[in-house]
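Hi everyone, and thanks for making time today. Let me put the sequence and the structure up on the screen, and then we can walk through a few places together.

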Amino acid sequence: MGSVQSRRWFLVPGVIFLLAIDMVPLVYSLWVSFYEWWLVRPRDIRFLGLGNYLMLAADPAFRRSVLVTCTLTFGAVLAEFLAGLALALLFAQPFRFLRPVRAVIMMPLFVVPVVGATMWRLILHPEMGVLNFYLGLLGLGNPQWLADSTMAMFALILVDAWRTIPFMFLVILAGLETLPAELYEAARVDGASWLQAFRFITVPLLAYIMLVAVLIRGMDVFREFDIVFVLTGGGPGTATETIQMLNYRVFGLGHMGQANAIGIITLILVALMCYLLIRVVQRSR
Amino acid sequence: MRTRKLLTVLALIPALAWTLFPLLWILTASFKTELSLYAKPPQWIFSPILENYKRVLFNIPFFEYLTNSLLIATGTTLGSLVLGTLAAYGFSRTRFWGSQALRFLILVTRMVPRMTLVVPYYLMMLKIGMLDTYTGLIIAYISFAMPFSIWLLIGFFDDVPLEVEEAALVDGCTPVGTLVRVVIPIAAPGLAVAAIFAFLVSWNEFLFALILSGVHSKTLPVVIAGLTTDLGPLYGEMSAAAVMVMLPNVLMTLVLQRYVVKGLTLGAVKG
């Protein structure tokens, strides 16, 4: 009779598969990033050392893409956090009719990202789109959503927010539901206002969950590709070219050394955020 | 209490409008003639037609792409279920030096940016001649789906009492037999959720499909993104295609509600 401990061998195939599929490409990518490596000239590969990285550091296109990515990440996460928090507070109330509504609010999260972006592209279309008609009725003009640099960034934030506000909402709501009701009863007895209860009970007790949600979303937006690709393709010009879009463009040019170098830099930046997340989770234990 | 209820309902209206407006607009657009698509003010009530759906289904080889998407998603689901179940069972039943760290490492693989992976992955697939194959995509997607499957299933296996297994072993079941005949039936709901999530991971994925697939393995998201290039004349068709690709996902929402939070945060909330 096999002891239960012998079950550890069950996890070997899965773990090896997973690590191989992630680690082998990453090591290979690091290696390629040290070379001058064009896809069209497979015989003409030269060792550059850190050359690709140094070239990127001096490249204005790369620097701008970092700025664009940070703007998008900050804008989208802020919008999603505020809206998600407001929704969660709304849904934390003890009304029975809120339950079915919650399922509806969750829907955007399940929409295929590419399809969601496509849908919004149709809606934002300046002539045929429906949004500008209603904005016009409200006297808000006829914004050229995807043709104007600022509006294009705004559109990306809008669409990302549409898709993932439910994420923030659900995570914060899950946190709210674990808070003991007695605390709020006690606060009410002591004459605390709704705002005071929020400020002195909800915020401190939920700080951890909110920080985790913000960091997870931050990492996700930082790596976002689908929505940017479909909505703006990095345009107009390179106004919304995130690091990921730049990476895709450089890859398309066949400049493999540099494409891999950008990938490794992204990985390092995301790893830093991930480290931060882990520290937060560990400290709370 | 009554005023509070009223205020809540009032606050729900913009939230629901924001959520549903784009979905409803696309749904109606997919049933419109070209004339009513261009109509100002936008028409919400009109006589629906099926032309757009017919054109998507028969003019672009939609069924071919649908088959690609379905086969790749099925392969991903099966692969990640088999590997994920074995791994989760192993993690659930054993503790050894570094097992916690290993669990954690599996979670961290989810954080690796896809773009960072796809570039070297492309070069490797190019080298071994596996570009534009189902297998190339399925292998990648299994690795995307597995971290979640493993974490979800560990929770379900932890709930299966050890005594049940011991009884099976005494009756002469092999360890694999115990897993298949005793443990899996008890944890079946967990497997169903893991399967649905794995399916959706594959169904939704865009970047790897964009870069790795070609004429033989193009999936629906790539086709949809491709339609956007010449927007004007395809407005109706695109809406119809969007609705069709979105449909399975929206239906899944209803099935999966309970597990969504768990899946999204991978247990971060409960720690």
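For the cut-offs, a residue is buried if 20 or more other C-beta atoms lie within 10 Å of its own, exposed if 12 or fewer, and partly exposed in between, with C-beta atoms placed from the backbone.

Before I go on, a word about what you are looking at. This is a predicted model, where local features need pLDDT of at least 70 and side-chain atom pairs count only at pLDDT 80 or more, while totals for chains, interfaces and linings use all residues. Residues are numbered from 1 along each chain as its sequence is written, and chains are lettered from A and ligands numbered from 1 in the order in which they are written.

Back to B:Ala87. You will find B:Ala87 in helix H4 (residues 62–93) of chain B. When I say helix or strand, I mean DSSP runs numbered from the N terminus: helices are H or I with at least four residues, and strands are E with at least two. Leaving out residues up to four places away in sequence, B:Ala87 touches A:Phe10, A:Leu11, A:Gly14, A:Val15 and B:Ile150. Touching, or being in contact, means that the C-beta atoms of two residues, placed from the backbone, lie within 7 Å. B:Trp151 is 64 residues from B:Ala87 along the chain, and their C-alpha atoms are separated by 9.6 Å.

That brings us to the two chains together. How many residues of chain A are in contact with chain B? On chain A there are 78, and they meet 79 residues of chain B. Helix H1 (residues 12–32) of chain A gives the largest share of chain A's side, with eleven residues. By type, the side of chain A that touches chain B has 57 nonpolar, 14 polar and seven charged residues. In this count, Ala, Val, Leu, Ile, Met, Phe, Trp, Tyr, Cys and Pro are nonpolar, Asp, Glu, Lys and Arg are charged, and the others, Gly among them, are polar.

Another residue that reaches across is A:Ile105, in helix H4 (residues 98–106) of chain A. A:Ile105 is buried, since 23 other C-beta atoms lie within 10 Å. Apart from neighbours within four places in sequence, A:Ile105 is in contact with A:Leu87, A:Pro166, A:Phe169, B:Ala15 and B:Thr19.

Now let's step back to chain A as a whole. Chain A has twelve helices and two strands. Along the sequence, the order is α-β-β-α-α-α-α-α-α-α-α-α-α-α. Of the 285 residues in chain A, 41% are buried. The C-alpha atoms of chain A fill a box of roughly 80 × 75 × 35 Å along the principal axes.

Next, some helix packing. Two packed helices are described by the angle between their axes and the distance between the axes. In chain A, H1(A) and helix H12 (residues 256–284) pack at an angle of about 125°, with their axes 8 Å apart. Axes here are lines fitted to C-alpha atoms, for helices over the stretch in contact, and angles run from 0 to 180 degrees between N-to-C directions. That angle makes H1(A) oblique to H12(A). The cut-offs are under 35 degrees for roughly parallel, over 145 for roughly antiparallel, 65 to 115 for roughly perpendicular, and oblique for the rest.

For a second pair, look at chain B, where H7(B) and helix H10 (residues 188–204) pack at an angle of about 160° with axes 9 Å apart. That makes H7(B) roughly antiparallel to H10(B). The residues of this contact divide into twelve nonpolar, three polar and no charged.

Two backbone details to finish. Which residues does a cis peptide bond join? They are A:Gly235 and A:Pro236, with omega about -5°. A:Pro236 sits in the loop between helix H10 (226–231) and helix H11 (243–252) of chain A.

In chain B, B:Asp132 has phi near 55°, a positive value in a residue other than glycine. B:Asp132 lies in the loop between helix H6 (114–127) and helix H7 (134–158) of chain B. B:Asp132 counts as partly exposed because it has 15 C-beta neighbours inside 10 Å.
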